[in-house]
Amino acid sequence: MRAVVSKWMRLSALVVAVVGLTFFGLRVYDSLGKPDLGPWHTFVPHELSAAELDAAAWQDYLLAEQALFASLPDKVYQRLDDAERVPDNRYFADSPINASRFDKDWNRSYVLEPEGAVRGAAVMLHGLSDSPYSLRHIARHYRDAGFVVVGLRLPGHGTTPGGLTDVTWQDWLAATRLAIREAKRLTSSEAQLHLVGYSAGGGLALKYALDALGNDSLARVDHLTLISPMIGVAGYARFAGLAGLPAVFPAFAKAAWLDVLPEYNPFKYNSFALNAARQSYLFTSALQEQIATLSERGALQELPPLLTFQSLVDYTVSTPAVIDALYQRLPANGSELVLFDLNRFVDFGPLLGANARSPADLLPPAPRRYRTVVVGNTTTQSLDAAARITEAGAQEEQLFPLRLAFPREVFSLSHVALPFPLSDSLYGLQPDEAEDFGVHLGALSVRGERGVLLVSMEALQRVTSNPFYPYLLERLGEHVGFEAARP
């Protein structure tokens, strides 16, 4: 019997070894097909660790951040070869999209202070591979409403994509705590504290609020606004650590990257490190476990109300996780979920794929403990939009036409579109010409032959601004208490 067991153990070990070597070989083969790494991939700016961030003041973080940006000319800009010194490379010092040339570099942390009386504090938390640029419009509305606004640059962001190869989600959360300490320092102890998080920043805002429950050392949050929040991610992210193993050998350094792409966006990385995917999975696993545990204990009763904006279809984060892992566990605390439906105008009907489910497929049957708003077409014969509202505890859905409409060429919103108005200079479909960041990515209407553009057609076809941004502001304004102008 012992011999049989031993034989099966040896056979199992052999199978595991073969599978491991095959996986390793495939990753090596895949990495060799990627473009060569540039200095912006291999240079890893030194960030403060989670322990250092917890011991730091805001000024310490700004000084460390200043040192990061000061290192870029020597470590990156001046190390480009001739082929990399082109206008469409944000790391070319003379490029029109190099953010150091702008009047304000929105890659950096910032503080906005109101002119009049201070009502409260608001902290803006951006997404993965992103920068503080993404929430600047909402930040200005908060400032105008009397809030001191702290816009945080999360560690590993705003500098080089290489920064995401050596960072952990604990570093991001520690930086979040630091920004909140500064926001509270700039206001009175009685002032309200609001967190606004986009994508990964939404997950971090929620994680902080959960951590603050029953913890007197953390400032309590009065309101949470989550935009395309990272509550769950694609399943492949759990294997990101294994996929990057060949990168321990210098010859296979490209295996540490999921995507190696041209860097033509002044405020967002296009290349994506596998470590970023791995940290996303580790973070959302910890977050979902914490939500479930606190829910079972009845401890979510003290959680402040949530206002969440989410596209029904989202390639980056999981919409079902927002509903099932978060909203279905919330108590009746005044929370609201706004879903942006697909453009179901009749012209798109035959072209919508199997994943073009309706909101009813994702939402549990009413009544629900939270208010639900679905923004979509009034009918399939019209581009005009309406809000279908189901109040918390109600079963009846009410239809409220909006003075807004789907652009004819837009079949859905995307993960990246929600926090940007159509007038955003970089991402907007109708960019504001008064502001110029060297390129208008959202306004490009691409038609032509393959192989001509620097980037894939698919990347440029992803909608990057929100035709319903005025409604987003209206809902946010009602929760926060500021007026939002409607068209």
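**A helix pair and some salt bridges**

Helix 5 (residues 136-144) packs against helix 13 (residues 469-480) at an angle of about 35°, and their axes are 12 Å apart. Here an axis is a line fitted to C-alpha atoms, for helices over the stretch in contact, and angles run from 0 to 180 degrees between N-to-C directions. Helices (H or I, at least four residues) and strands (E, at least two) are DSSP runs, numbered from the N terminus. The crossing of helix 5 and helix 13 is right-handed, meaning that the near helix is turned clockwise from the far one by less than a right angle. On the helix 5 side, H137, I138, H141 and Y142 take part, and they meet Y469, L472, L473, L476 and V480 of helix 13; contact means heavy atoms within 4.5 Å. Sorted by class, this contact has 7 nonpolar, 2 polar and no charged residues. Ala, Val, Leu, Ile, Met, Phe, Trp, Tyr, Cys and Pro count as nonpolar, Asp, Glu, Lys and Arg as charged, and the others, Gly among them, as polar.

All of this comes from a predicted model, where local features need pLDDT of at least 70 and side-chain atom pairs count only at pLDDT 80 or more, while totals for chains, interfaces and linings use all residues. Residues are numbered from 1 along each chain as its sequence is written, and side-chain values use heavy atoms, with hydrogens and water left out.

Zooming out, the protein chain has 13 helices and 12 strands. Of its 487 residues, 54% are buried (under 20% relative accessible area; exposed is over 50%, partly exposed in between; 1.4 Å probe, protein chains only).

Now for the charged pairs. Side chains of opposite charge can pair when their charged atoms come close. A salt bridge is a side-chain nitrogen of Lys or Arg within 4 Å of a carboxyl oxygen of Asp or Glu, and the count comes to 17. One of them joins E47 and R153 (2.8 Å, N to O). E47 sits in the loop between helix 2 and helix 3 and R153 in the loop between strand 3 and helix 6, so the pair ties together parts 106 residues apart in sequence. Both E47 and R153 are buried.

E336 and R371 also meet in a salt bridge, at 3.0 Å, N to O. E336 counts as buried at 1% relative accessibility, and R371 is buried at 16%.
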